[in-house]
Amino acid sequence: MTSNTDLAREKQLQRRGRIMGAAIMAVIFFPMAVAYTIYHTGIGMPGSTINRGDLLDPPQAFQSLQPHQLDGSPWLLDEHKRKWRWLIPGGAECNTQCQQNLYLSRQVHIRLAEKSYRVERFYLLLDDTITENTLRFLHDEHPHVTVVKLNKDTLEAALAAAGQPEALEQHRYFLMDQEGFVMMSYSPAHTGQQLLDDIKRLLKFSYED
């Protein structure tokens, strides 16, 4: 015959077992719930892991935009080292915002110091020709910028496919990864520090050519 003491002990063991089972389930499912919440809402996401720029979705292959050099020859990624590249759109004349985008990207490039060789800057010429005034400006103020010619309509179509149809009207400029994909854009509201944070993080976790 089971005594009252044995029954009490059995109930205590059952209760302890249920508590331990609940604790084990919490250990398993709580991190999953937290991860799900962070992924879908961004709440609790560490600031150091958030891109400052706006991602293009999907990224666009720069080569598919049929870039050309000023002499009319194609610009081919395979003929160049794998580098990260800032792409600053402009016309025959580089207007005030174009000049500001070039200036900001130059200052960020300077602040990269010993890592600056891993990054290049492109002036994306979206007109048929470029004026002598703009060429002189680039030569004097941005001597290491490469001028690459793109068709504006082609670029706008690619940006629309990536969810940023008004990027050029918003005077955005772009970041191209080492594999030749335009993957992030920046507006005039972005600061130099935000650009620097992004590019430093990307350089840290990418290979050197």
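1. Among contacts in the protein with a separation of 6 or more, 72% are between residues 24 or more positions apart. This is a predicted model, and of its 209 residues 36% count as buried. The protein exposes about 12700 Å², of which carbon and sulfur atoms supply 56%.

2. The secondary structure comprises five helices and seven strands, and, read from the N terminus, the elements follow one another as α-β-β-β-α-β-α-β-α-β-β-α.

3. The seven strands form an open sheet with mixed pairing, and their order across that sheet is 1-7-6-3-4-5-2. Strand 1 (54-61) and strand 2 (68-69) are the edge strands, and because each has a single partner strand, one side of each is left without a neighbour in the sheet.

4. Within the sheet, strand 3 (residues 84-90) and strand 6 (residues 173-176) run antiparallel and are joined by three bridges. For a reader who wishes to locate this pairing in the model, R85 has M176 in strand 6 as its bridge partner. In general, strands of a sheet pair through backbone hydrogen bonds, in either a parallel or an antiparallel manner.

5. Helix 5 (residues 192-204) lies across strand 3, strand 4 (119-125), strand 6 and strand 7 (181-186), and its direction makes an angle of about 145° with strand 3. Helix 4 (residues 152-161), for its part, lies across strand 1 and strand 6, running at about 125° to strand 1. Which residues of helix 4 are buried? They are L155, A158 and L159, and because these cover an arc of only 100° around the axis, they sit on the same side of helix 4.

6. After the helix comes G163, whose phi is positive, near 85°.

Methods: Residues numbered from 1 in each chain as written. Predicted model: local features only at pLDDT ≥ 70, side-chain atom pairs only at ≥ 80, totals over all residues. Heavy atoms only, no water. Helix = DSSP H or I, 4+ residues; strand = E, 2+ residues; numbered from the N terminus. Buried < 20%, exposed > 50% of the residue type's maximum accessible area, 1.4 Å probe, protein only. Contact = heavy atoms within 4.5 Å. Areas by Shrake-Rupley, 256 points an atom, 1.4 Å probe, with all protein chains shown as cover. Pairing = 2+ DSSP bridges. Axes fitted to C-alpha atoms, helices over the stretch in contact; angles between N-to-C directions. Arc of directions from axis to C-beta.
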